[in-house]
Amino acid sequence: MKTRWIAIGLMFVFLAGIGSFARILVAQEQRDRIQEIVDKGSYLTSLVALHPIADLNEQRRSFFLRTLTQYVSPEGLVYCFVHDRKGNLLLSLAPEGLSARIPQEIEMKSLLASELTKQDFAIRNAKDLYYEFAKPVFEEGQKRGVVRLGLHVPPLSFFSSQRVSLIAVLAFFILAAGTFVYYGVARALLPIKGVSCELQGNQSASQRLPDPGKSSGIGAIIENLEQSFDQIKAKLTQTEMQNLELATKLGVLTFEKNVIARTIDSLGFGIIITDIQDNINHANAYLLNLLKQERKEVVDRPLAEVLGHEEILAFISRQESLENKSSTNHLETTISEFSQEDTFRVSASYLRDVEGGVIGKMISIKNITSERSAEKSQHGFIANVAHEFLTPLTTIKSYNEMLMEDEIEDKEMQREFYNTISEETSRLSRLIQNLLNLAKIEMGSLSLNTGLVKTDWLVQDSLATIESPAQKKEIILEKDLPDNFPSLVGDKELLKTALINILGNAVKYSPKETTIRFSLHEDDEMVTFEVKDQGHGIGKEDLPHIFDKFYRSKDQNVAEQTGSGLGLAMTAVIIHLHGGEIEVESEPGEGSRFIIRIPKEEYHLEKH
Amino acid sequence: MVIDDEAHIRRVIALKLQKRGYEVMMASNGEEGLEMIKRQEPNVVITDIMMPKLDGKTLCEKTNDLKRDRPFLTIVITCRVSPNEQIWIEDMRDAVFMEKPFSPTRLVDCVDQYFGTES
């Protein structure tokens with residue numbers, strides 16, 4: 001319905017347009033004709049004015065008038081008057097009764113004209129417009145008279161055939177064009193209609209849409225489009241909301257990723273995460289530190305480029321083929337780019353998503369230098385201990401064998417052999433004792449077997465043990481002992497072990513022909529044992545560590561000797577258990593001085 | 001040639017060997033031992049592993065090349081701690097090992113055997 005009203009409206013507009021166009025045409029033509037008349041009038045009047053009046057006798061007059069009328073179209077010329085100077089009519093050519101109807105003022109103005117003038121007037125009760133041209137006639141410099149010429153523009157017929165036909169053709173063309181355009185647009189919009197139908201087709205059936213087959217008019221198309229736009233808008237809003245949701249989720253995921261990244265950054269070993277193509281996705285802080293690079297320099301670069309270590313890369317590729325067996329495989333190697341001496345453990349594994357598909361690899365690199373060295377030192381310790389055990393055993397066994405096979409005839413030598421066996425047996429038992437104590441300490445179950453300890457016995461026994469080795473090295477044992485030996489409360493055997501360790505060290509680390517001085521003092525509360533030697537001394541770097549378990553100095557003089565690194569550690573623990581103190585003074589090359597102070601009273605060790 | 005830092009062991013081995021009629025040289029550490037091997041060119045070298053200055057294993061490796069021109073037997077006395085520790089001996093020329101504690105008689109028998117096959 002709407003379209004029909006629009007069509008009618010358009011029709012009116014169209015007609016109005018045609019009408020105004022016609023009017024414009026008419027007006028234009030009118031103007032043209034007026035202009036023509038005016039031009040002709042001026043010309044003719046001037047022409048006539050040039051003609052001497054006297055010439056206007058009978059024959060001349062008719063000729064003149066004939067020419068005049070020929071020149072001007074019959075419709076145009078209305079009248080022609082020639083007046084003399086006084087205003088008397090000399091010549092007159094006018095339709096009957098017309099001169100009477102010319103307004104007086106027009107005539108007067110013309111008569112008084114001194115040059116070419118033009119006036120227009122309308123006669124009462126007529127629509128015609130008249131133009132009067134007047135010009136004075138001069139002869140021999142004198143004004144002789146006035147020429148008055150009257151022309152008029154005939155009314156224009158609105159509906160001249162020419163105009164009508166022109167308008168008709170124009171109207172036809174416009175209508176044709178209009179129709180053309182209309183249907184052309186309709187045709188062009190057809191695809192849009194198709195699209196809009198598609199769009200609507202995607203929506204649920206609950207959304208009503210006009211039957212597409214009903215009309216293909218532009219109106220229907222536009223309606224369709226409207227609906228489609230509405231639906232698109234709705235979709236857009238929905239998408240925006242989804243966007244917002246996704247942005248939030250992304251925010252959460254990013255946060256979680258950052259948490260994870262920070263977690264793996266805090267690990268004490270390096271981690272690289274790569275994608276399937278071996279491009280690095282992430283490297284944690286530890287690794288970046290090893291590589292001495294920034295994260296942005298490393299991310300998205302191929303693994304082989306960043307970690308150009310052939311052995312590692314080969315290992316990782318080997319892992320790929322072993323992956324299914326899920327064996328824990330490690331590669332231990334040195335990585336010269338990181339450090340010359342350190343050993344690293346490298347392991348690689350696949351990262352999988354929820355369904356089990358491979359999404360990348362994770363490679364971890366751990367500096368195991370300290371682990372290795374700890375292992376080594378433990379291993380070294382065990383080797384040492386084994387040696388310490390087996391050596392005296394060997395001596396005992398071989399000496400015994402020789403004695404048993406009666407291979408030693410010399411009685412002196414025999415006694416010597418027996419002595420040696422005895423000594424070595426003691427040595428062995430001491431070692432066993434030390435190790436057992438160490439084990440007890442490790443397990444926290446070392447307890448004192450307290451009793452009254454007579455220091456004279458303690459001293460004698462301890463010194464006796466080292467006498468023989470001291471003799472071999474021709475070391476002199478100096479003793480500074482009191483007359484009255486104090487007694488103290490403690491574990492006899494442990495104290496003996498403690499003293500022997502110190503004394504033994506003194507002998508071991510002193511060169512030949514030196515002196516070891518042993519002294520014993522007491523005061524009200526403490527008993528002080530002192531062992532001073534002239535041995536190699538203890539270096540500044542070693543001094544803080546000598547009581548550490550398994551610690552052995554790297555100093556040549558020390559490393560040369562076999563030792564477990566336990567002696568002093570043991571001594572320190574024992575002294576501590578007795579509530580005592582142990583002190584060391586030493587200068588390399590000048591010997592060492594060990595001072596042990598033990599309280600006389602029993603000391604209750606608090607359980608921590 | 002007996003190389004051991006433990007005097008008692010040196011003594012007992014030397015004694016045993018001398019009783020069997022062998023000439024015995026002694027050294028108390030690997031460095032000394034190596035020097036003497038180069039100079040004196042013994043037929044048999046009996047050495048401990050754990051010694052100061054130069055240990056028995058390095059000594060063996062260093063003297064391995066000497067054996068090409070002048071072969072001699074090396075008996076390495078070991079305290080066996082772990083299984084693969086002694087594997088290196090198999091790469092050495094004319095070398096055997098003996099575990100502590102060992103019987104000196106057995107040791108000397110081994111030396112006898114070496115000389116027996118040689119002559």
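The side chains of E405(A) and K16(B) meet in a salt bridge with an N to O distance of 3.0 Å, a salt bridge being a side-chain nitrogen of Lys or Arg within 4 Å of a carboxyl oxygen of Asp or Glu. On the side of chain B that touches chain A, the elements giving two or more residues are α1 (7–19) and α6 (104–118) of chain B. Of these, α1(B) provides the largest share, seven residues. Helices (H or I, at least four residues) and strands (E, at least two) are DSSP runs, numbered from the N terminus. The model is predicted: local features need pLDDT of at least 70 and side-chain atom pairs count only at pLDDT 80 or more, whereas totals for chains, interfaces and linings use all residues. Residues are numbered from 1 along each chain as its sequence is written, chains are lettered from A and ligands numbered from 1 in the order in which they are written, and side-chain values use heavy atoms, with hydrogens and water left out.

Across the interface of chain B and chain A, the rule finds four salt bridges. Nine residue pairs are in polar contact between the two chains, both residues being at pLDDT 80 or more. A polar contact is a pair of N or O atoms within 3.5 Å; within protein, one must be able to donate a hydrogen and the other to accept it, and residues adjacent in sequence count only if both atoms are side-chain atoms. In terms of contact (heavy atoms within 4.5 Å), 23 residues of chain B face 29 residues of chain A. The area buried between the chains is about 2300 Å², with 62% given by carbon and sulfur atoms. H8(B), R11(B) and M50(B) supply 25% of the area that chain B buries against chain A, more than any other three residues. Buried area is the accessible area (1.4 Å probe) that two parts lose on being put together, summed over both.

Chain B contains six helices and five strands, in the order β-α-β-α-β-α-α-β-α-β-α along the sequence. Of its 119 residues, 54% count as buried, where buried means under 20% relative accessible area, exposed over 50% and partly exposed in between (1.4 Å probe, protein chains only). Among the contacts in chain B with a separation of 6 or more, 59% are between residues 24 or more positions apart. The chain exposes about 5700 Å², 44% of it supplied by carbon and sulfur atoms. A cis peptide bond, with omega about -15°, joins K100(B) and P101(B); P101(B) is in the loop between β5 (95–99) and α6 of chain B.

In chain A, helix α14 (residues 492–508) has 17 residues and spans 24 Å from its first C-alpha to its last, close to the 24 Å expected at 1.5 Å a residue. The expected span is 1.5 Å times one less than the number of residues. Of the 17 residues of α14(A), 13 are buried. At the N-terminal end, D491(A) caps the helix, a side-chain oxygen lying 3.1 Å from the backbone nitrogen of E493(A). T497(A) is found in α14 of chain A and is buried, with a relative accessible area of 11%. Not counting residues up to four places away in sequence, T497(A) touches N434(A), M570(A) and I574(A).

Most residues other than glycine have a negative phi. D300(A), not a glycine, has a positive phi of about 75° and is found in the loop between α8 (295–298) and α9 (303–306) of chain A. E513(A), also not a glycine, has a positive phi of about 60° and lies in the loop between α14 and β14 (515–522) of chain A. D300(A) counts as exposed at 59% relative accessibility, and E513(A) counts as exposed at 59%.

Over all chains, the count comes to 29 salt bridges. R372(A) and E375(A) form one of them, with the closest N and O atoms 2.7 Å apart. Both residues lie in helix α11 (residues 369–404) of chain A, three residues apart, about one turn of the helix. R372(A) is partly exposed at 21% relative accessible area, and E375(A) is partly exposed at 42%. R593(A) and E585(A) form a salt bridge with the closest N and O atoms 2.7 Å apart. A network of salt bridges links E107(A), E132(A) and R148(A).

How values were computed:
Accessible areas come from the Shrake-Rupley method with a 1.4 Å probe; for residues, only the protein chains shown count as cover.
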